[in-house]
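Subject: Handover of a structure for your review

Dear colleague,

Please find below the structure I am handing over to you.

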Amino acid sequence: MDQLVLEGGRPLTGVVPVSGAKNAALPVLAACLLTEAPVVLERVPALQDVHTQLSLLRHLGVGASWQDDEVVALSAAALAEPVAPYELVRTMRASFLVLGPLLARCGHAEVSLPGGCAIGARPVDQHLVGLQRLGVALEVVGGYVRARAPRGLRGARIVMNQVTVGGTEHLLMAAACARGHTVLENAAEEPEVVDLARFLRRLGARIEGEGTARIEIEGVEHLEGGRFAILPDRIEAASYLLAGAATRGRVTVQGVVPAHLGAVLDKLEEAGARVDVEAEAVTVALEDRPRPVSLRTAPYPGFPTDVQAQFMALACLATGVSRVRETVFENRFMHVPELARFGAQISLEDARSAVVTGVPKLVGAPVMATDLRASFSLVIAALAAEGESIIDRLYHMDRGYAAMTEKLRGLGAQVARRKAPPG
Ligand code: UD1
């Protein structure tokens, strides 16, 4: 297993290119199952989760090949048996999104219930209830969802009980090829949902209202092929900006949609950082210790849960007390004991509220990555800390941060990746 060795205490400075968004690429890849025609995707990040999704698609009979560093060509002209096995679905929740498209194409499918980061119960009830509304008959047997739509999918009005990104994406894909009109109420408004809608529209789907809580879809009989570029990763961008601020440096993220970073940039300004926004770039600079900032995660356009851990790393160095409340997931403070190893002072009021008392400095330590985004909070703490840190279980980061070591080096970080010594 690989680990990261970092020598902290130096400001990060420079420009870092932002990759395509993992959370947009994964549903778009699943949506490729909906069309028999060839699709070419650009700005696909070469991440472990993307490789996992591609393996699953290949297993389902899709031809998928990298044409270039970030370009993938796909063809789902002929599909194999529509079964997504546990081995391919267990590591990543987004793989479950193949169920809807498989039902649209084949009329039946068997998909293992998903795995993913251990950040809460993360059920898929909203996905399943929505599919049932679209005419799917399903049962859960031995950890698998067995589903049939013998008379095809048909449009319906679906009010989701809870704002769910994956659930909205799943039903959007299924409804795109259903017979008739679908209305999704209480839909997620995340930019990644919008990107999926744009992709489906590129293939000929009829969708309106994405980016709002009410999406309307007029089903079409079949979709065409097309070429599409995945949107830039706002979570990766926010992570590097926070690393810049925590090390009291100056970092520019290049190739982003600044509007997608709104809530994070507001909080960075509140912390005392200087934020410069250009058309496709954002620069953040911080010279002094950050001011304390309290925040509460929420669905978009609120503060993203996927940046909560990274922001907490910055708050660890603030000149006062910050409060962090996690409202999206019920178990997303696994980074807290690891941050404490650097000397951070964090106490949990309950499973969803943390109180962070800023300290003047952190000191390097050996730590362990616990989940994808939380792992980057450890990178930020290690970069800001005095001395050497070792971060174990790097595979968590490989799921979501493309070329992380190279990108950090480009900003002047002293960082190396190596095999963990045995024992
Ligand atoms: C996606 C993102 C993830 C991000 C999350 C919230 C991808 C691949 N992953 O995950 O990085 O942290 O959005 O922004 O895009 N829920 C239910 N029932 C359901 C579905 C969800 O109760 O059927 C709950 C979940 O347990 C969670 C909340 O709803 O508490 C939000 O989950 P959801 O928005 O679905 O997250 P994901 O799509 O899994």
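In this predicted model, helix α4 (residues 99–106) packs with helix α6 (residues 165–176), their axes lying 8 Å apart at an angle of about 10 degrees. Since angles under 35 degrees count as roughly parallel, α4 and α6 are therefore roughly parallel to each other. On the side of α4, Leu99, Gly100 and Pro101 make the contact, and α6 contributes His170, Met173 and Ala174. By class, the residues of this contact comprise 4 nonpolar, 2 polar and no charged.

Helix α6 also packs on a sheet, where it touches β10, β11, β12 and β13 (214–218). The direction of α6 makes about 20 degrees with that of β13. The sheet is open and consists of 4 strands in the order β10-β11-β13-β12, with mixed pairing. At its edges stand β10 (157–159) and β12 (206–208); each has a single partner strand, so one side of each is left without a neighbour in the sheet. Ignoring direction, neighbouring strands are turned by 15 degrees against each other on average. Strand β11 (residues 181–185) pairs with β10 in the parallel sense over 3 bridges, and Val183 in β11 stands opposite Arg157.

In soluble globular proteins, nonpolar side chains tend to be buried together. The largest nonpolar core here has 77 residues, and those with the most contacts inside it are Leu41, Leu74, Val98, Leu99, Leu172, Phe199 and Leu200. Helix α1 (residues 22–31) gives the most to this core, namely 7 residues. Apart from this core lies another, of 71 residues, which includes Val16, Leu265, Ala273 and Leu317. As for Leu172, leaving aside residues up to four places away in sequence, its contacts are Leu184, Val193, Leu196, Ala197, Leu200, Ile207, Ile215 and Ile217.

A further open sheet has 4 strands, in the order β2-β15-β17-β16, and its pairing is mixed. The edge strands are β2 (13–17) and β16 (274–277); because each has a single partner strand, one side of each is left without a neighbour in the sheet. From one strand to the next, the twist averages 15 degrees. Strands β15 (residues 250–254) and β17 (residues 281–285) run antiparallel and are joined by 5 bridges. Gln254 has Ala281 in β17 as its bridge partner.

Helix α8 packs on it, touching β2, β15 and β17, and the direction of α8 makes about 170 degrees with that of β15. Helix α9 (residues 262–270) lies across β16 and β17 and runs at about 145 degrees to β16.

Helix α8 (residues 234–246) has a helical partner as well: its axis and that of helix α10 (residues 308–315) come within 9 Å and cross at roughly 5 degrees. The two helices, α8 and α10, are therefore roughly parallel to each other. Their contact is made by Ile235, Ser239, Leu242, Ala245 and Ala246 of α8 together with Gln310, Phe311 and Leu314 of α10. Of the residues in this contact, 6 are nonpolar, 2 are polar and none is charged.

Finally, I draw your attention to strand β21 (residues 353–357), which is mostly covered, with 4 of its 5 residues buried. Strand β19 (residues 321–325) runs antiparallel to β21 and is joined to it by 5 bridges; here Arg323 has Val355 as its bridge partner in β21. Strand β20 (residues 345–350) likewise pairs with β21 in the antiparallel sense over 5 bridges, and Gln345 stands opposite Thr357 in β21. A hairpin is formed by β20 and β21, with 2 residues between them.

Within strand β21 one finds Ser353. Is Ser353 buried or exposed? Its relative accessible area is 8%, and because buried means under 20%, Ser353 is buried. Not counting residues up to four places away in sequence, Ser353 touches Val324, Arg325, Phe333, Ser347 and Leu348. Leu339 is 14 residues away from Ser353 in sequence, and the two are 15 Å apart in space, C-alpha to C-alpha.

With kind regards

Terms used:
Residues numbered from 1 in each chain as written. Predicted model: local features only at pLDDT ≥ 70, side-chain atom pairs only at ≥ 80, totals over all residues. Heavy atoms only, no water. Core = buried A, V, L, I, M, F, W, Y, C linked by side-chain atoms within 4.5 Å. Buried < 20%, exposed > 50% of the residue type's maximum accessible area, 1.4 Å probe, protein only. Contact = heavy atoms within 4.5 Å. Axes fitted to C-alpha atoms, helices over the stretch in contact; angles between N-to-C directions. Parallel < 35°, antiparallel > 145°, perpendicular 65-115°, else oblique. Nonpolar A, V, L, I, M, F, W, Y, C, P; charged D, E, K, R; others polar. Pairing = 2+ DSSP bridges.
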